[in-house]
Amino acid sequence: MALELEILGMNFGCVLGALNAGKFPEKDCLLPLLSKVLGYCIITASTTVKVPQIIKILKNNSIRGLSVAAFELEVVGYTIALSYCLHNGLPFSAYGELAFLLVQAIILVAILYYYSSPLGVKIWIRALLYCAVAPTILAGQIDPVLFEALYASQHAIFFCARIPQIWKNYKNQSTGELSFVTCLMNFGGSIARVFTSIQEKAPTSVLLGSFLGIFTNGTILSQMFAYQKPPARKEKKVQ
């Protein structure tokens, strides 16, 4: 008789049963469990992924080297991705981090606006337009065909969200106030999400988004190493 032990959608029964029998769990039993565990680890980490970036800005009272447009596009992308996953019935472990990332991204954009004051008319228009449209998208109250088109475009949105920041880093030969911890967590999360997307049999478009995330986040992370300034050497005083 198979042991049944399921917690938060994670079936530990077959793994524990195999171990009790002195056997190593089979791939079909172990991989789905690892995917669920990894998915919940990603969600847990996502609750604080942008906190280091927020703290760095507030600590230095500066948004030097940060692209406001890049962070605005992130908010749009997270909104579309979250609403799509919600209304397509994917398990929470496959997309849960999007909810936490969206909240943090909105807070981050608000902080960027604060340090960008005085705000121009275009920024106010973009902010008000988002506030007007986002609730409708999150509620899924749009035409299914348009919904699919929006989700297809969100990969391009996330890609374009990284391009302004990558270009600004290259232009300045510096990553400014970008947080290394946040960038590293974004990169690691994208890699882990590829594995969970495959195991959860997520749509190909979801998997594509994870690969794009690896490429763009990896590029920014490599820039942080490339543009890192060596510590200043102290000159010895000649007596």
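**Notes on the predicted model: patch, salt bridges and spans**

1. Start with the greasy spot: helix 8 (residues 180–199) supplies three residues, the largest share of the nonpolar patch. Helices here are DSSP runs of H or I with at least four residues, strands are E runs of at least two, and both are numbered from the N terminus. The patch is made by Phe180, Val181, Leu184 and Phe225 and covers about 370 Å². Patch members have over 30% relative accessible area and no salt bridge; nonpolar side chains (Val, Leu, Ile, Met, Phe, Trp, Tyr) are joined within 5 Å, like charges within 9 Å. Val181 sits in helix 8 and is partly exposed at 42% relative accessible area. (Buried is under 20%, exposed over 50%, partly exposed in between, with a 1.4 Å probe and protein chains only.)

2. A word on the source: this is a predicted model, where local features need pLDDT of at least 70, side-chain atom pairs count only at pLDDT 80 or more, and totals for chains, interfaces and linings use all residues. Residues are numbered from 1 along each chain as its sequence is written, and side-chain values use heavy atoms, leaving out hydrogens and water.

3. Of its 239 residues, 40% are buried.

4. The whole structure has four salt bridges, meaning a side-chain nitrogen of Lys or Arg within 4 Å of a carboxyl oxygen of Asp or Glu. In one of them, Arg162 and Glu74 have their closest N and O atoms 2.5 Å apart. That pair links helix 7 to helix 4, 88 residues apart. Lys50 joins Glu74 and Arg162 in one network through shared partners. Arg162 and Glu74 are both buried.

5. Arg126 pairs with Glu72 at 3.0 Å between the closest N and O atoms. Arg126 is in helix 6 (residues 121–138) and Glu72 in helix 4, so this bridge ties together parts 54 residues apart in sequence. Glu72 is buried at 12%, while Arg126 is partly exposed at 39%.

6. Don't look for disulfides (cysteine sulfur atoms within 2.5 Å): the count is zero. Cys85 is buried at 4% relative accessibility, whereas Cys131 is exposed at 54%.

7. The unreviewed UniProt entry lists residues 98–116, 123–142 and 206–227 as "transmembrane region"; such annotations may be inferred rather than shown by experiment. In the model, 206–227 is 95% helix, with its end C-alpha atoms 32 Å apart.

Key: Accessible areas come from the Shrake-Rupley method with a 1.4 Å probe; for residues, only the protein chains shown count as cover.
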